[in-house]
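Me: I am new to this structure. Please take me through what each label rests on.

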Amino acid sequence: MDAIRIPKDLNLAAAAPVFCGGVTAYKALKETNVKPGQIVAITGAGGGLGSFGIQYAGAMGMRVIAIDHSEKKDHCMNLGAEWFVDAFNTENLSDHIKNITNGGPHGIINFAAAKKPMEQAFEYIRKRGTIVLVGFPKDSKIMFDTTPLIFNAITVKGSIIGSRLDTEEALEFVARGAVKVPLEMVKLEDVSKVYRKMEDGKINSRVVVDFSL
């Protein structure tokens, strides 16, 4: 098996998160088949995967709707999202998204590991759009109405990580500066603190353990 090539000028700490979170977000975007100028919605947009997803989508010419808790709005907009939708306090969320996008996004990526955003995606995806599921909900089960799925010719896919080629492509975006890795360096003894922050939904970055600290 060939090793993955890391661009020679790319910082190794910045490269490390791309091998998991970065390529996962990049591959999911490719799976949507959204073209430059079209709209992609990202749930869980303010988390680690979503932070990558917003940037990769922008670098690929997509227009981004970030969907997450209101406290993540500034973070998502600063990364390049065109719209932000509060997933918890927006009335008639599906109608709202269809209104601001004139028919719904062409693709949706569900990074949020919860049933509700996954099930809502079927309500606001554009006709002939594609839903890509990445996050795992509780019990790995969701419920949805098959009527819009069939009559609107919706495509549903799962996506996880990516190939060697996907990873090399994802690394090139970072090496060119088109994607900035939201990076936090920590000591080994601080890993338990990071885990608690992750459980509380307070991680906006990718955390790299630096054994030299």
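Me: What makes β2 count as largely enclosed by the rest of the structure?
Reply: This is a predicted model. Buried means under 20% relative accessible area. Five of the six residues of β2 are buried, so β2 is largely enclosed by the rest of the structure.

Me: How do you know which strands β2 pairs with?
Reply: Two strands pair if there are at least two bridges between them. β1, residues 39–43, pairs with β2 over five bridges, in the parallel sense. β3, residues 83–86, also pairs with β2 in the parallel sense, over four bridges. Both pairs therefore pass the cut-off of at least two bridges.

Me: Which residues stand opposite each other in these pairs?
Reply: T43 stands opposite I67 in β2. I65 stands opposite W83 in β3.

Me: Why is Q55 called buried?
Reply: The cut-off is under 20% relative accessible area. Q55 has 8% relative accessibility, so Q55 counts as buried. Q55 sits in helix α3.

Me: What does Q55 touch?
Reply: Leaving out neighbours within four places in sequence, Q55 is in contact with L79, A178, V179, K180 and P182.

Me: Why does T101 count as buried?
Reply: The relative accessible area of T101 is 5%. The limit is under 20%, so T101 is buried. T101 lies in the loop between α5 (93–100) and β4 (107–110).

Me: How do you know what T101 is in contact with?
Reply: Contact means heavy atoms within 4.5 Å. Not counting residues up to four places away in sequence, T101 touches I39, I65 and R126. T101 and R126 are 25 residues apart in sequence. Their C-alpha atoms are 9.2 Å apart in space.

Me: How do you look for empty space?
Reply: A probe the size of a water molecule is rolled over the atoms, and this shows where empty space is left.

Me: What makes a space a cavity, and how many count here?
Reply: In a cavity, a 1.4 Å probe fits but cannot get out. The count is one cavity of 30 Å³ or more. The largest cavity has a volume of about 30 Å³.

Me: Which residues line the largest cavity?
Reply: The lining is T43, I67, A87, P117, Q120 and Y124. α6 gives the largest share, three residues. By class, four are nonpolar, two are polar and none is charged.

Me: How much space lies in the largest pocket, and what lines it?
Reply: The largest pocket holds about 1100 Å³ of space. A pocket is an open set of points, unlike a cavity, from which the probe cannot get out. The lining of the largest pocket has 45 residues. G47, G48, F111, A112 and A113 lie nearest the centre. Among the elements that give two or more residues are α2 (21–32), α3 (48–59) and β2 (63–68).

Me: Which element gives the most to that lining?
Reply: α9 does, with four residues.

Me: How does the pocket lining divide by class?
Reply: The lining of the largest pocket has 24 nonpolar, 15 polar and six charged residues. Gly counts as polar in this scheme.

Methods:
Residues are numbered from 1 along each chain as its sequence is written. This is a predicted model: local features need pLDDT of at least 70, side-chain atom pairs count only at pLDDT 80 or more; totals for chains, interfaces and linings use all residues. Side-chain values use heavy atoms; hydrogens and water are left out. On a 1 Å grid over the protein atoms alone, a cavity is a set of points where a 1.4 Å probe fits but cannot get out, and a pocket is an open set with protein on both sides within 12 Å along at least five of seven lines; lining residues have an atom within 4 Å of a point. Grid points are joined across faces, edges and corners, and a volume is the space filled by probe spheres set on the points. Buried means under 20% relative accessible area, exposed over 50%, partly exposed in between (1.4 Å probe, protein chains only).
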